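Please look over the sequence and the model below, and then read on.

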Amino acid sequence: MELDQYLGSRFAVQRYVTLFTISNNMQRGVSWLKLRKDVCRKVQEYAMPNPVGMIAGVVASQTNMVGGSAVGCQQWMKCKNHASTRCSVYTTISIVSLTAMALIAVGAIAAVLTCVFKSFESGKKKKKQDEAKFTTMIVSIVAFVLPTGGVMSWIYVTQSQFKSLQYSAYYPYPAAHAGCYVAPVGCFMLFVAMVAGIIRAQPKKEETAGQDEYEEAEQLPAFPMGADLGMSMPPPDFMGMPPPPPP
């Protein structure tokens, strides 16, 4: 997030949003889970009755020159609603953050296993080699689908959730940084590896044609030949010269 002149001293330094953390006003990373916990705890505190705050709210309501910020967020309904919205948004982002990290981690492991299984294919017989290629194909598909799902879900959810915060209050929108462009490039490289793995696992045309001819030959009907196959020999009367006619 760039410096925002409308927030003054409350936004005096740049802030960075990552998959796991968001920086604070001291440029220190705070996890999404901790941020969600702190904001939601404040929402619960604002929901509790406060006699002093209620008196200040009544006095402020009778004075037109005093805005809602003068009595604090606990007695300012718009602020309380926005705090509740932030609690919901940060909860969603923290869940998506953990899910995306898990998908990317599993996909990275699958990408390494793809190279390992590829090296195991050499030196095997034809049938075993085909099975190894099929395993490599499955792992390459997992290596592409999981990280791509994690990256796309993170980009889409953060974009929609940050925009939803601007509906009820002013909120600086974090612009896309290098990570949003590097991650799709990595996903595209995994896509190329997946396509190569699928193509390698497909049987060749010559092998497919030979297999079809072999199956057709097995399906042809067998014609018995010889005595061993059940053909009976002709009777003796029909062998050699025919017998002479009777006198």
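## Isoleucine 93 and its surroundings

Leaving aside residues up to four places away in sequence, isoleucine 93 touches Trp32, Trp154, Gln161 and Phe162, where contact means heavy atoms within 4.5 Å. This is a predicted model, in which local features need pLDDT of at least 70 and side-chain atom pairs count only at pLDDT 80 or more, while totals for chains, interfaces and linings use all residues. Residues are numbered from 1 along each chain as its sequence is written, and side-chain values use heavy atoms, with hydrogens and water left out.

## The largest nonpolar core

The largest nonpolar core has 17 residues, of which Trp32, Leu35, Tyr90, Ile93, Trp154 and Phe162 touch the most other members. Such a core is a set of buried Ala, Val, Leu, Ile, Met, Phe, Trp, Tyr and Cys residues joined through side-chain atoms within 4.5 Å, and buried means under 20% relative accessible area with a 1.4 Å probe, protein chains only. At least two residues of this core come from each of helix H1 (32-47), helix H3 (77-119) and helix H4 (126-165), and H3 gives the most, with six residues.

## The chain as a whole

The chain contains six helices and two strands, which are DSSP runs numbered from the N terminus (helices: H or I, at least four residues; strands: E, at least two). Along the sequence they follow the pattern β-β-α-α-α-α-α-α. Of the 247 residues of the chain, 22% count as buried.

## Helix H5

In helix H5 (residues 179-201), Cys187, Met194 and Gly197 are buried, and what covers the buried residues of H5 includes H4.

Conventions: Buried < 20%, exposed > 50% of the residue type's maximum accessible area, 1.4 Å probe, protein only.
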